[in-house]
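Some labels for a structure rest on a value and a cut-off.

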Amino acid sequence: MLKVMHSAANSANPNSQWEDLTQLSAPNTVQWDNIKTQLDLALLALETLTGIGSEAMLSAAIILNLESKVPDRVALWRLRQSNPLRKGTGGRKKLDVEEARSLVLIICYLAKEDQELIRRAVGLLEQMAETNREPHQAALLGDYIDAFCNTYQERMESDEQISTDALTHLALKLLVDLLFYSSPGGHRRLWLALIDRSTQF
């Protein structure tokens, strides 16, 4: 088991990936709320597609040498609660740049681990589009969309009732994003996307 974890750590190159992220621009203060939202939603997409939970996220943190940034379930919950769309205020805190980098590496590691499933889901999405069928007609996509929409509505505040169509669109967009994040260099792609989209999210 330790050997497997060691080889996984080597393949992930956590130190070099961290160095990569430190070379990229840091977000400005105006961008943080949107970045916190995007990171939490990417994790939500992973959870609802793959069925992983906080244990898998914490295991990834250990493999990536990030346990000092994300040491336990409470710390992870507090980081995710920093998303301003979340219900409740008890766990809300400021997310700092090192914590954001940690979540980026965890998201990309988990996406890579489940790349085969993500590829299959995106392939189905393309097939549905080519045949003018609704995504939910494919069992895998239907289950993912339902789980994403239900979990989003359970966890997020909304001033106005967000439509099912809007949530479905968000779920499918995040699914395609996960495929990009699962590829080599996905951590750079996600970090740059966070900063770019935070001005238009």
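Predicted model: local features only at pLDDT ≥ 70, side-chain atom pairs only at ≥ 80, totals over all residues.

Q: Why is Val70 called buried?
A: Buried means under 20% relative accessible area. Val70 has 2% relative accessibility, so Val70 counts as buried. Val70 is found in the loop between α4 (54-63) and α5 (73-81).

Q: What is Val70 in contact with, leaving aside its neighbours within four places in sequence?
A: The partners are Leu58, Ala61, Leu76, Leu79, Ser102 and Ile106. As for distance, the C-alpha atoms of Val70 and Leu103 are 8.6 Å apart in space, while the two residues are 33 residues apart in sequence.

Q: What makes Ser102 a buried residue?
A: The cut-off is under 20% relative accessible area. Ser102 is at 0% relative accessibility and therefore counts as buried. Ser102 is found in helix α6 (residues 97-113). Beyond its neighbours within four places in sequence, Ser102 is in contact with Trp18, Leu66, Lys69 and Val70.

Q: How are α4 and α5 packed, by angle and by distance between their axes?
A: The angle is about 100° and the axes are 10 Å apart. Angles of 65 to 115 degrees count as roughly perpendicular, so α4 is roughly perpendicular to α5. On the α4 side the contact is made by Ser54, Glu55, Met57 and Leu58, and on the α5 side by Arg73, Leu76 and Arg80.

Q: How many residues of each class make the contact of α4 with α5?
A: Three are nonpolar, one is polar and three are charged. Arg counts as charged, and Leu as nonpolar.

Q: How do you know which kinds of element the chain has?
A: A count gives ten helices and zero strands. Read from the N terminus, the order is α-α-α-α-α-α-α-α-α-α.

Q: What share of the contacts with a separation of 6 or more comes from residues 24 or more positions apart?
A: Such residues account for 71% of those contacts in the chain.

Conventions
Residues numbered from 1 in each chain as written. Heavy atoms only, no water. Helix = DSSP H or I, 4+ residues; strand = E, 2+ residues; numbered from the N terminus. Buried < 20%, exposed > 50% of the residue type's maximum accessible area, 1.4 Å probe, protein only. Contact = heavy atoms within 4.5 Å. Axes fitted to C-alpha atoms, helices over the stretch in contact; angles between N-to-C directions. Parallel < 35°, antiparallel > 145°, perpendicular 65-115°, else oblique.
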